[in-house]
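Here's a quick briefing to read alongside the model. Have the viewer open while you go through it.

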Amino acid sequence: MNMYIEKIRKWFIQETVSLKEALTEVEWLSINTYTYFIVQAIGVTFFVWILSTQILSNSPRTWVNFWTIMGMIVSRYLIGMWFVTVWRHRYFSHRSFRLHPRLLWLEPTIAFICGTDVQRGVADWAATHIKHHKYSDKKEDSHSCKQKGLAWCHLLWVLKKDEGIDWALIPYMRKVKGIVWVECHQWVAIISGGAVFSLIGCYFGVSGYHSFIINFLFSLCAYFTSITILWHATSLINSAMHLVGEQRYDTGDESRNNLFCALLTLGEGWHNNHHWAFPSLSTSQKYPGRIKVKASELYWQGVTRFEKCVDMSGISIWIFIKFGICRPI
Ligand SMILES: [Zn+2]
Ligand SMILES: [Zn+2]
C-alpha cells in the first residue's frame, strides 16, 4: 500500500524543477490563459448541469435533448481526437505517411480543421512535439513529468510564455503558404469551429426551446465541454503515458504503453512503442540501428496484432493507403 502511495506522491514531486519555480514560467495575464480557464469552467459547469437536470427530470422531452447533445459532444470529441492523432501527430509532426501528390492542396484545409480544437496551430503543435521526441524527459522537453511534475505536464505547460514557433524544426510546413496563413489566423479556425457546432445544435433544437439564440448559446457551451474533454485526453499523452504502464523498450525516457489511454486516444496509448520508433536525439545517437519498425509502417503506434487492432488512427491511415488517398513513406 505504502509503495503505491509513494509512487503517486512521486508523480507530483519534480526531480529537477520545483512547481513554484515552474509556475514563474506561466503567463497568467494573457488571452491564452483566460481562454484556457473560461472554456473549461463553462464546459464543466454545463456538463454537470445537463447531467443533473437529466437525472432529476422525468420529462421525455429532456431525454431526447440530452442524448442529442451527448451525441454531439461525443462525436465532436472523436472527430477532434482523430484529427489530433492522424493529422497533427502522425502526418504534420512525424511525416509518417504522405497525402497523394494530387491531394496536397488539402493540407491547409486539414490544418484549418485541426485548429478548431483550440490546441494552437499545426506548426506550433508539431514543433513542440518534435522537440518532445528530440529531448524526451530532458530539460529542453516542454512537458516532461520527470522534470516538472504531473501538474505541469498535464495542465500548466500550455500557459507558459509564448516563445514563438521554431520553424527550423518543421521546414516543410514553412513552404506551404496556406498552412502558414492558417497558423497566423488561428482565431478564424476557432470561431468557425464553435459556430459550425452551434449551428448544428440549432438545427437539432438541442435546448428544447424554439429560440435560435438559446439553441446557439446552449450548443456553444456543449462545444466547450467537448473541447475540455479533448484537451485532457490529449494531455494524457504527455502525462499518464510517461507515468503509468508497461515499458517494453528501453527508450531512455519514461514513455509507457497503456491500454486505457490507447482506447481513449484512438491508438496513441502505445507511447513507448512510439518513442522507440521515433527515438530521442541522445538515444538514437547511442543506438544508431535500433529502429525496427518498417519505415513504410511508421504510422502504426502498435507493434503486436492486438495493439494494431486498438490503434484506430493507424487503421484509418492503412485504409487511406489501400484506397490510394495516402501513401506510406
Ligand atoms: Zn510523436
Ligand atoms: Zn512522449
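At what angle do α5 and α10 pack, and how far apart are their axes? The angle is about 20 degrees and the axes are 8 Å apart, where axes are lines fitted to C-alpha atoms, for helices over the stretch in contact, and angles run from 0 to 180 degrees between N-to-C directions.

Before going on, a word on conventions. This is a predicted model, in which local features need pLDDT of at least 70, side-chain atom pairs count only at pLDDT 80 or more, and totals for chains, interfaces and linings use all residues. Residues are numbered from 1 along each chain as its sequence is written, while chains are lettered from A and ligands numbered from 1 in the order in which they are written.

**Overall build**

- The chain has 17 helices and two strands; helices (H or I, at least four residues) and strands (E, at least two) are DSSP runs, numbered from the N terminus.
- Its radius of gyration is 21 Å, close to the 20 Å from the globule rule for 329 residues, so the chain is as compact as a globular protein of that length. The radius is taken over C-alpha atoms, and the rule is 2.2 Å times the number of residues to the power 0.38.
- Along the principal axes, the C-alpha atoms fill a box of roughly 65 × 55 × 40 Å.
- Buried residues come to 40% of the 329. A residue is buried if 20 or more other C-beta atoms (placed from the backbone) lie within 10 Å of its own, exposed if 12 or fewer, and partly exposed in between.
- Of the contacts with a separation of 6 or more, 68% join residues 24 or more positions apart; a contact means C-beta atoms, placed from the backbone, within 7 Å.

- Glu107, Pro108, Ala111, Phe112 and Gly115 of α5 meet Gly178, Ile179, Trp181 and Val182 of α10.
- α3 and α12 pack at about 105 degrees with axes 7 Å apart, and are therefore roughly perpendicular.
- Residues making that α3–α12 contact include Val39, Phe46 and Phe47 on α3, and Cys221, Ala222 and Phe224 on α12.

- Beyond its neighbours within four places in sequence, Trp87 touches Phe92, Ile110 and Cys114.

**Residues to click on**

- Tyr36 sits in helix α3 and is partly exposed, with 18 other C-beta atoms within 10 Å.
- Leaving aside neighbours within four places in sequence, Tyr36 is in contact with Val158 and Leu159.
- Most residues other than glycine have a negative phi. Asp137, in the loop between α6 and α7 (145-148), has a positive one of about 60 degrees.
- Leu266, in the loop between α13 (259-264) and α14, also has a positive phi, near 55 degrees.
- Asp137 counts as buried, with 22 C-beta neighbours inside 10 Å, and Leu266 counts as buried with 22 as well.

How values were computed. Two residues are in contact if their C-beta atoms, placed from the backbone, lie within 7 Å. Angles under 35 degrees count as roughly parallel, over 145 as roughly antiparallel, 65 to 115 as roughly perpendicular and the rest as oblique.
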